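Welcome! Please take a moment with the sequence and the 3D view, then read on for a short tour.

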Amino acid sequence: MKFPRLSREEGWSILARFVSEVIGTFLLVFFGCMGCIKSEYIPNDRFALCFHFGGAVLLLVQCCACVSGAHGNPAISVGAFFYGILSWQMMLLYILAQVIGATIGYGFLLACVPRVLRVDPNAKHGLCVTTIHPEVYFWQAILLEFFATSALILVCCAVWDKRNSNNFDSVSIRFGLVVGSLAFYLKMHSSVRHGVKCFFAEILGTGLLVFLGCMGCSSTVNSITSPLQASINVSLVVMMIVQCFGCISGAHINPMITVAACVYDLVSIRLGLVYVCAQILGATLGYGLLKAFLPAYIMDVAYNDHGFCVTVPAKDITVAQAFGIEFIITSVFVMVCCGIWDPRSATLIDSVALRLGFTVGGLVGIAGSFSGASMNPARSLGPALWHMDFENHWIYWVAPLTSSLLTSYLYKYFFRSTLRPGSVSAI
């Protein structure tokens with residue numbers, strides 16, 4: 001491979017960029033890691049750690065951006081190469097400079113910081129050694145790093161965009177805030193990580209409920225699904241979802257169950273709002289997938305009057321009757337859930353998926369032909385949104401909501417016991 005001959009000015013420019021990346025990465029590691037030191041007299045919390053690291057990035061960009069672009073990160077150099085603003089030779093040179101700068105920076109940190117400050121007796125690894133949190137799985141760590149790096153590269157691409165060529169005065173501040181924010185989110189408290197897991201579990205669970213549940217109720221030219229078959233299919237879908245996600249989020253997959261759990265003091269109101277948002281999003285996505293995979297004549301409004309799987313009262317049922325039916329069946333469902341959550345049932349969890357599945361299937365089989373047996377506003381909202389059909393839709397929000405609140409409060413204050421499991425006979 002033949003390399004072009006460089007002029008003296010070009011050679012000095014490349015050397016300056018190389019040295020700039022060494023110095024910039026040195027500053028990032030030295031000051032960024034120094035800001036993460038914790039001790040009895042330096043009580044750095046998570047916000048302070050991220051603020052210090054963001055400040056180190058601000059310093060790096062402010063000092064070196066005019067020379068080398070202040071990458072300070074091999075991922076950014078690779079992104080710059082694919083964006084077309086850095087040759088592959090310079091990309092490799094940048095990465096080499098960054099490795100050298102990071103190594104020297106951490107070496108200086110070890111030399112300057114007393115041993116008592118750089119050794120955490122509660123940590124298994126050294127100061128600023130990046131490791132996976134014990135509660136985070138390997139694949140979760142990969143996804144977190146992937147999305148965080150993607151966000152950082154997107155910001156870089158926006159800065160490199162020619163349309164932003166006149167907006168360079170605040171680049172260092174923007175990068176400092178971006179990196180600090182990403183570090184803050186990735187260093188989330190375990191309770192926040194739990195909320196994120198529950199959010200995605202509820203999205204998947206509710207999406208599967210609508211996708212598989214509604215698909216199990218569909219009929220084709222050659223196969224007609226009876227109400228009994230539909231109720232059995234729904235019960236089996238609920239069993240599968242509870243079995244999959246019950247250990248993660250409790251597999252609520254229903255805003256009314258989340259409301260009852262909040263009343264029952266199992267879920268905080270803030271986490272409950274996260275659940276409800278996830279359920280609505282999951283139901284909407286699940287029905288969208290259903291429209292993409294099922295034949296058009298099944299989903300067609302003309303074929304089903306109100307659109308496939310849109311919950312509406314039967315033609316012979318009045319609004320008041322539909323409201324009463326939804327109120328009562330939701331109350332029964334919530335009662336079953338409260339019985340499962342009761343401390344006296346703490347050891348009786350092996351068959352929870354079966355019990356919930358049969359409960360939902362039974363209620364759907366009983367009331368489905370009259371009110372639609374929704375018991376789940378998210379499940380009703382998904383099809384209604386896609387078909388823009390909200391006729392009497394309020395029933396499937398107001399009836400389950402009032403029923404859930406009333407039933408869970410009554411069970412909590414009249415039936416729930418603080419007795420330990422196995423002590424029911426002592427009542």
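Here is a briefing on the fold, the cores and the salt bridges.

This is a predicted model, where local features need pLDDT of at least 70, side-chain atom pairs count only at pLDDT 80 or more, and totals for chains, interfaces and linings use all residues. Residues are numbered from 1 along each chain as its sequence is written, and side-chain values use heavy atoms, with hydrogens and water left out.

**Fold**
- The protein chain has 17 helices and zero strands; these are DSSP runs, helices being H or I of at least four residues and strands E of at least two, numbered from the N terminus.
- Of its 427 residues, 42% are buried, that is, under 20% relative accessible area, while exposed is over 50% and partly exposed in between (1.4 Å probe, protein chains only).

**Nonpolar cores**
- The largest nonpolar core has 29 residues; such a core is a set of buried Ala, Val, Leu, Ile, Met, Phe, Trp, Tyr and Cys residues joined through side-chain atoms within 4.5 Å.
- Helices H8, H9, H10, H14 and H15 each supply at least two residues of this core, and H15 gives the largest share, seven residues.
- Another core, of twelve residues, lies apart from it and includes Val210 and Ile298.

**Salt bridges**
- There are two salt bridges, each a side-chain nitrogen of Lys or Arg within 4 Å of a carboxyl oxygen of Asp or Glu.
- Asp265 and Lys412 form one of them, at 2.8 Å from N to O.
- Asp265 lies in the loop between H10 and H11 and Lys412 in H17, so the pair ties together parts 147 residues apart in sequence.
- Asp265 is exposed at 51%, whereas Lys412 is buried at 12% relative accessibility.
- Arg344 pairs with Asp342 in a salt bridge, with the closest N and O atoms 2.8 Å apart.
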